[in-house]
Amino acid sequence: MANCPRCRHLVEAQAIHCGHCGLTLKAHGHPGIPLHRATGAVSLCTTCAYHADDSCTFPQRPVAQTCKLYQAVDAPTAVAPPRSPRPQWRYGKLLPWLGLLGLSLLIAWMVR
Ligand code: SF4
Ligand SMILES: [Zn+2]
(Lines give C-alpha, C1' and ligand atoms only; values in the text may rest on other atoms or scores of the structure.)
(Ligands and ions follow the chains in the order given, each with its own letter.)
Protein backbone atom coordinates (compact mmCIF):
# COMPACT_ATOMS: atom_id res chain seq x y z
CA MET A 1 0.00 0.00 0.00
CA ALA A 2 1.05 3.57 -0.61
CA ASN A 3 -0.38 7.01 -0.06
CA CYS A 4 -1.84 9.13 -2.82
CA PRO A 5 0.44 12.16 -3.17
CA ARG A 6 -2.56 14.47 -3.56
CA CYS A 7 -5.22 13.31 -1.09
CA ARG A 8 -3.04 11.04 1.07
CA HIS A 9 -5.58 8.21 0.99
CA LEU A 10 -4.20 4.70 0.95
CA VAL A 11 -3.92 3.20 -2.52
CA GLU A 12 -2.72 -0.17 -3.77
CA ALA A 13 0.92 -0.14 -4.85
CA GLN A 14 -0.13 -1.23 -8.35
CA ALA A 15 -3.09 1.18 -8.62
CA ILE A 16 -3.17 3.18 -11.84
CA HIS A 17 -5.43 5.91 -10.42
CA CYS A 18 -6.22 6.98 -6.88
CA GLY A 19 -9.61 5.54 -6.02
CA HIS A 20 -10.48 8.62 -3.96
CA CYS A 21 -9.38 11.67 -5.99
CA GLY A 22 -8.65 10.06 -9.36
CA LEU A 23 -5.04 11.21 -9.56
CA THR A 24 -3.03 9.29 -12.14
CA LEU A 25 -0.37 7.24 -10.36
CA LYS A 26 1.10 5.17 -13.22
CA ALA A 27 2.29 6.15 -16.69
CA HIS A 28 0.55 4.85 -19.83
CA GLY A 29 -2.06 3.12 -17.69
CA HIS A 30 0.44 0.38 -16.89
CA PRO A 31 0.86 -0.73 -13.28
CA GLY A 32 4.55 -1.42 -13.87
CA ILE A 33 5.45 2.12 -14.97
CA PRO A 34 5.53 4.51 -12.01
CA LEU A 35 4.71 8.13 -12.66
CA HIS A 36 6.97 10.26 -10.50
CA ARG A 37 5.45 13.47 -9.28
CA ALA A 38 7.04 16.63 -7.94
CA THR A 39 6.13 17.66 -4.43
CA GLY A 40 5.75 21.38 -4.16
CA ALA A 41 6.74 23.94 -6.76
CA VAL A 42 10.22 22.58 -7.49
CA SER A 43 10.36 20.52 -10.67
CA LEU A 44 11.57 16.95 -10.71
CA CYS A 45 14.36 17.88 -13.09
CA THR A 46 16.26 19.83 -10.46
CA THR A 47 17.07 16.58 -8.67
CA CYS A 48 17.13 14.25 -11.68
CA ALA A 49 20.29 12.45 -12.78
CA TYR A 50 19.37 12.88 -16.47
CA HIS A 51 19.18 16.63 -16.01
CA ALA A 52 22.50 16.63 -14.15
CA ASP A 53 24.32 14.77 -16.93
CA ASP A 54 22.44 16.68 -19.66
CA SER A 55 21.18 13.50 -21.31
CA CYS A 56 17.44 14.16 -21.05
CA THR A 57 15.65 15.17 -24.25
CA PHE A 58 12.11 15.27 -22.88
CA PRO A 59 10.27 18.48 -23.86
CA GLN A 60 9.06 19.03 -20.31
CA ARG A 61 12.61 19.44 -19.09
CA PRO A 62 13.57 21.43 -17.00
CA VAL A 63 10.15 22.08 -15.50
CA ALA A 64 8.67 18.57 -15.31
CA GLN A 65 6.10 18.14 -12.58
CA THR A 66 5.50 14.51 -13.56
CA CYS A 67 7.85 12.13 -15.27
CA LYS A 68 8.07 8.39 -15.85
CA LEU A 69 11.86 8.32 -16.19
CA TYR A 70 12.84 10.43 -13.21
CA GLN A 71 15.97 9.12 -11.51
CA ALA A 72 17.05 10.84 -8.31
CA VAL A 73 20.59 12.11 -8.71
CA ASP A 74 21.51 10.96 -5.21
CA ALA A 75 19.91 7.52 -5.54
CA PRO A 76 22.33 4.65 -5.11
CA THR A 77 23.08 3.04 -8.43
CA ALA A 78 23.55 -0.64 -8.88
CA VAL A 79 27.18 -1.18 -9.76
CA ALA A 80 27.95 -4.36 -11.59
CA PRO A 81 30.79 -6.26 -10.00
CA PRO A 82 33.95 -6.37 -12.08
CA ARG A 83 34.15 -9.43 -14.23
CA SER A 84 37.00 -11.84 -13.83
CA PRO A 85 38.17 -13.83 -16.81
CA ARG A 86 36.48 -17.18 -17.09
CA PRO A 87 38.71 -20.19 -16.42
CA GLN A 88 37.89 -21.64 -19.84
CA TRP A 89 39.44 -18.57 -21.46
CA ARG A 90 42.77 -19.01 -19.67
CA TYR A 91 43.00 -22.70 -20.47
CA GLY A 92 41.71 -22.12 -23.98
CA LYS A 93 45.02 -20.47 -24.87
CA LEU A 94 46.92 -23.61 -23.88
CA LEU A 95 44.91 -26.02 -26.01
CA PRO A 96 46.83 -25.49 -29.31
CA TRP A 97 50.14 -25.96 -27.52
CA LEU A 98 48.94 -29.10 -25.79
CA GLY A 99 47.70 -30.40 -29.14
CA LEU A 100 51.10 -29.69 -30.72
CA LEU A 101 52.89 -31.41 -27.84
CA GLY A 102 50.64 -34.43 -28.14
CA LEU A 103 51.22 -34.60 -31.90
CA SER A 104 55.01 -34.32 -31.42
CA LEU A 105 54.98 -37.14 -28.88
CA LEU A 106 52.89 -39.28 -31.21
CA ILE A 107 55.29 -38.72 -34.13
CA ALA A 108 58.32 -39.39 -31.89
CA TRP A 109 56.72 -42.63 -30.72
CA MET A 110 55.95 -43.71 -34.31
CA VAL A 111 59.49 -43.12 -35.71
CA ARG A 112 61.49 -44.69 -32.90
S1 SF4 B 1 13.93 12.48 -17.10
FE2 SF4 B 1 12.09 13.66 -16.48
S3 SF4 B 1 12.63 14.53 -14.48
FE4 SF4 B 1 14.53 13.84 -15.45
S5 SF4 B 1 15.34 15.68 -16.49
FE6 SF4 B 1 14.11 14.55 -17.97
S7 SF4 B 1 12.06 15.46 -17.83
FE8 SF4 B 1 13.17 16.07 -16.00
ZN1 LIG C 1 -5.88 10.67 -4.21
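**Close-up views of a predicted model**

**View 1. Helix H3 lies largely in the open.** Of the 17 residues that make up helix H3, the number that count as buried is zero, so the helix lies largely in the open. In this predicted model, H3 covers residues 95-111 and reaches 24 Å from its first C-alpha to its last, which is close to the 24 Å expected at 1.5 Å a residue. An α-helix has 3.6 residues a turn, so residues three or four places apart point the same way.

**View 2. The protein chain as a whole, with its order of helices and strands.** The protein chain has three helices and four strands, and, read along the sequence, these follow the pattern β-β-β-α-β-α-α. Of its 112 residues, 10% count as buried. When contacts between residues at least 6 apart in sequence are considered, 20% of them join residues at least 24 apart.

View 3. Ligand 1 is surrounded by 13 residues, of which the closest are Cys45, Cys48, His51, Cys56 and Cys67. Sorted by class, this shell contains 10 nonpolar residues, two polar residues and one charged residue. The largest nonpolar core has seven residues, namely Leu44, Cys45, Cys48, Cys56, Ala64, Cys67 and Tyr70. In soluble globular proteins, nonpolar side chains tend to be buried together. Cysteine 56, which belongs to this core and is also listed among the residues closest to ligand 1, is in contact with Cys48, Tyr50, His51 and Arg61 once its neighbours within four places in sequence are left aside.

View 4. Arginine 61 and proline 62 are joined by a cis peptide bond, for which omega is about 10 degrees. Proline 62 is found in the loop between helix H1 (49-52) and E4, and aspartate 54 has its place in the loop between H1 and E4 as well. Although aspartate 54 is not a glycine, its phi is positive, at about 60 degrees. Aspartate 54 is exposed, because 8 other C-beta atoms lie within 10 Å and a residue with 12 or fewer falls in that class.

**View 5. Alanine 72 in the loop between strand E4 and helix H2.** Alanine 72 is placed in the loop that runs between strand E4 (66-67) and helix H2 (87-92), and it counts as exposed because it has 11 C-beta neighbours inside 10 Å. Not counting residues up to four places away in sequence, alanine 72 touches Thr47 and Ala49. From C-alpha to C-alpha, alanine 72 and threonine 47 are 5.8 Å apart in space, while they are 25 residues apart in sequence.

View 6. With 11 C-beta neighbours inside 10 Å, arginine 8 counts as exposed. If its neighbours within four places in sequence are left aside, leucine 10 is in contact with Met1 and Asn3. Leucine 10 and histidine 20, which are 10 residues apart along the chain, have C-alpha atoms separated by 8.9 Å.

Note on methods. Residues are numbered from 1 along each chain as its sequence is written. Chains are lettered from A and ligands numbered from 1 in the order in which they are written. This is a predicted model: local features need pLDDT of at least 70, side-chain atom pairs count only at pLDDT 80 or more; totals for chains, interfaces and linings use all residues. Helices (H or I, at least four residues) and strands (E, at least two) are DSSP runs, numbered from the N terminus. A residue is buried if 20 or more other C-beta atoms lie within 10 Å of its own, exposed if 12 or fewer, and partly exposed in between; C-beta atoms are placed from the backbone. Two residues are in contact if their C-beta atoms, placed from the backbone, lie within 7 Å. A residue is near a molecule or strand if its C-beta atom, placed from the backbone, lies within 6 Å of it. Ala, Val, Leu, Ile, Met, Phe, Trp, Tyr, Cys and Pro count as nonpolar, Asp, Glu, Lys and Arg as charged, and the others, Gly among them, as polar. The expected span of a helix is 1.5 Å times one less than its number of residues. A nonpolar core is a set of buried Ala, Val, Leu, Ile, Met, Phe, Trp, Tyr and Cys residues joined through C-beta atoms within 7 Å.
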